[in-house]
Amino acid sequence: MENISIITIITIAFLGSFGHCIGMCGGIVVAYSSTKIDNSWSKAKQSLSHILYALGRVSTYVILGAIFGYAGSVVTFDNTTSGILLLFTGFLMILVGLSLSGKLKFLVNIEHSVSKSKIYQQTFRKLLGSNSFISFYLLGMLNGLLPCGFVYVFAITAASSGSILWGAFVMLIFGLSTIPAMFSLGFFVGIFKQIALRNLFITIAAILVIIFGIYIMHSGYEYLSNPSKAILGSHI
């Protein structure tokens, strides 16, 4: 995995989390922060609760990354397949960038709410009503299962790695990079209600996502145009 790609993933996920992720999952963070966390708890105990929730969410992402990475290893047989997968991933990244900028409704259209299912609602209510530390972790894992266009694209990026380990690593980096925004939201809800601040992060993230998408598509083009190009354990 090239260093520039790791840095790009971190940057996009970090900035995007202050815009898209807070908008999509902020309600859950606010819900458990106001319901499960007692104001009389020490800052250390409150912080541990938020960290466990974040780790639960990241755990789900890592599992998804491993699954998509394995799927990528199955379908990535040659340069042609690798190139097509990378072109598709890059194209989706560009759509996400345009969606974040408000030019398309791509993210909105694919983010169907699984949270309306009875099983999800019952599990959510049960975890929300518990104050045990493990419940914060499990709630985070449950949140990680919610359909999210942002997550989908990085999952496909994980698939393009063609490796279980690299796929899991991509989603680990993605998940860890979104922690600062979601963790901070638990303590400073009011800050992220500032529309100007959120819009700034979203705009920067949108530009970076589009640039990254173009870069991924270029990598795909190289595989298609150069049959002798070596297929590495990771394409990203």
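Biologist: Leaving aside its neighbours within four places in sequence, which residues is R57 in contact with?

Modeller: R57 is in contact with G140, M141, N143, G144, G175, T178, I179 and M182. Contact means heavy atoms within 4.5 Å. The model is predicted, so local features need pLDDT of at least 70 and side-chain atom pairs count only at pLDDT 80 or more, while totals for chains, interfaces and linings use all residues. Residues are numbered from 1 along each chain as its sequence is written, and side-chain values use heavy atoms, with hydrogens and water left out.

Biologist: Why does R57 count as buried?

Modeller: Buried means under 20% relative accessible area, exposed over 50%, and partly exposed in between (1.4 Å probe, protein chains only). R57 has 2% relative accessibility, and therefore counts as buried. R57 has its place in helix α2, residues 43-75. Helices are DSSP runs of H or I with at least four residues, numbered from the N terminus.

Biologist: Why is α5 called roughly antiparallel to α6?

Modeller: Helix α5 (residues 118-128) and helix α6 (residues 133-144) pack at an angle of about 155°, their axes 9 Å apart. Angles over 145 degrees count as roughly antiparallel, under 35 as roughly parallel, 65 to 115 as roughly perpendicular and the rest as oblique. That makes the pair roughly antiparallel. Axes are lines fitted to C-alpha atoms, for helices over the stretch in contact, and angles run from 0 to 180 degrees between N-to-C directions.

Biologist: Which residues of α5 and α6 meet?

Modeller: Y120, T123, F124, L127 and L128 in α5 meet S135, L138, L139, L142 and N143 in α6. By class, this contact has seven nonpolar, three polar and no charged residues. Ala, Val, Leu, Ile, Met, Phe, Trp, Tyr, Cys and Pro count as nonpolar, Asp, Glu, Lys and Arg as charged, and the others, Gly among them, as polar.

How values were computed. Helix = DSSP H or I, 4+ residues; strand = E, 2+ residues; numbered from the N terminus.
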